[in-house]
2 protein chains.
Amino acid sequence: MTISLYAASVPVFKQMLNSMNHVLTKAEEHAEAKNIDPSALLQARLFPDMFQLLRQVQIATDFARGVSARLAGAEVPKYEDKEQTFADLRELIAKTLTFIEGFAPAQIDGNEDRVIVTRPGTPKEKKFTGQSYLLSYGLPQFFFHVTTAYAILRHNGIEVGKRDYMGQY
Amino acid sequence: MTISLYAASVPVFKQMLNSMNHVLTKAEEHAEAKNIDPSALLQARLFPDMFQLLRQVQIATDFARGVSARLAGAEVPKYEDKEQTFADLRELIAKTLTFIEGFAPAQIDGNEDRVIVTRPGTPKEKKFTGQSYLLSYGLPQFFFHVTTAYAILRHNGIEVGKRDYMGQY
């Protein structure tokens, strides 16, 4: 027996997107309870040349959509990245969940050897197989942004813990 | 075709452990160049009740060893966690790499349905299959600690970027 490409992608994204949504909700409630301007959290960064919370969430969802779509050989949807509030981010996560839940396992399974080219036509062009794209690129990137979003909120005193990060498993 | 349990575990750990080693080396060089006490970085945290850099690295390597061993049905090695310096952490990563590279694909592949019980006999006991243990628990935990170690160093001004985090892929 082996594991399926679908099992290693869409359900992993779902688990972490749901937990990120939950962590963001706790952050919003914290801001409200403490009279904190929500943008103090949404625009928070760990260092001036790192992305702020809002952008980390956008990029995490972008990887969830992009990786799922590329594995399925489907078109990668273009989003406008115009979110500005916690409510916007929750809606973005909900839309992303709906998008990735639209893929049936059969659309992704079997595409382990599909050739996937990132940044085609640029000096950074890179060729992957479906499997290497997910395991050596997609998952590390996705987890980077989910964890960094969590780290920004922890650094700003939001009372969440590893259980909130992990979500339902 | 499908992907193998081995491909989704040991090589992923290897890639990220090597990149974490590289990021730690850059941090040590930075400390030396700027006359920073290395423990100012090793003991740095993003929030008082989060683990410091040194512990984040220990836990990341612990998940790499523990997940690989459990998937193979091998004994999980006990380490003493007595690292105190950057050199100690590099040695810990090297030992962890040697340990996980000791597993042949055939020792892990096929164990997707192996029953894995975490924290047995405690109220937090949880039963997994090999596949769910890796995808819904092991990888999210491992990436959490690798990314948080990176985030602590970025927050402290170490000049590393996404390319350093991603490593060789």
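Residues are numbered from 1 along each chain as its sequence is written, and chains are lettered from A in the order in which they are written. In this predicted model, local features need pLDDT of at least 70, side-chain atom pairs count only at pLDDT 80 or more, and totals for chains, interfaces and linings use all residues, while side-chain values use heavy atoms, with hydrogens and water left out.

Chain A contains 7 helices and 2 strands, where helices (H or I, at least four residues) and strands (E, at least two) are DSSP runs numbered from the N terminus. Their order along the sequence is α-α-α-α-α-β-β-α-α. The C-alpha trace of chain A spans about 50 × 40 × 25 Å along its principal axes.

Chain A is superposed on chain B by a rotation of 180 degrees with 0.0 Å of shift along its axis, at an RMSD of 0.0 Å. The two copies are thus related as by a two-fold rotation axis. The superposition is by least squares on the C-alpha atoms of residues with pLDDT of at least 70 in both copies.

At the interface, 40 residues of chain A are in contact (heavy atoms within 4.5 Å) with 40 residues of chain B. Of the interface residues of chain A, 100% are also interface residues in chain B, so the copies meet through the same surface. The buried area, meaning the accessible area (1.4 Å probe) that two parts lose on being put together, summed over both, is about 3,900 Å² between chain A and chain B, and carbon and sulfur atoms give 67% of it. A:I3, A:R154 and A:Y169 supply 17% of the area that chain A buries against chain B, more than any other three residues.

Over all chains, the structure holds 12 salt bridges, each defined as a side-chain nitrogen of Lys or Arg within 4 Å of a carboxyl oxygen of Asp or Glu. Within chain A, the side chains of A:D164 and A:K26 form a salt bridge (3.4 Å, N to O). This pair links helix 7, which holds A:D164, to helix 1, which holds A:K26, 138 residues apart. Across the interface of chain A and chain B, 2 salt bridges are found. A:R154 and B:D49 are joined through their side chains by a salt bridge (2.9 Å, N to O). Helix 6 of chain A gives the most to the side that touches chain B, with 16 residues.
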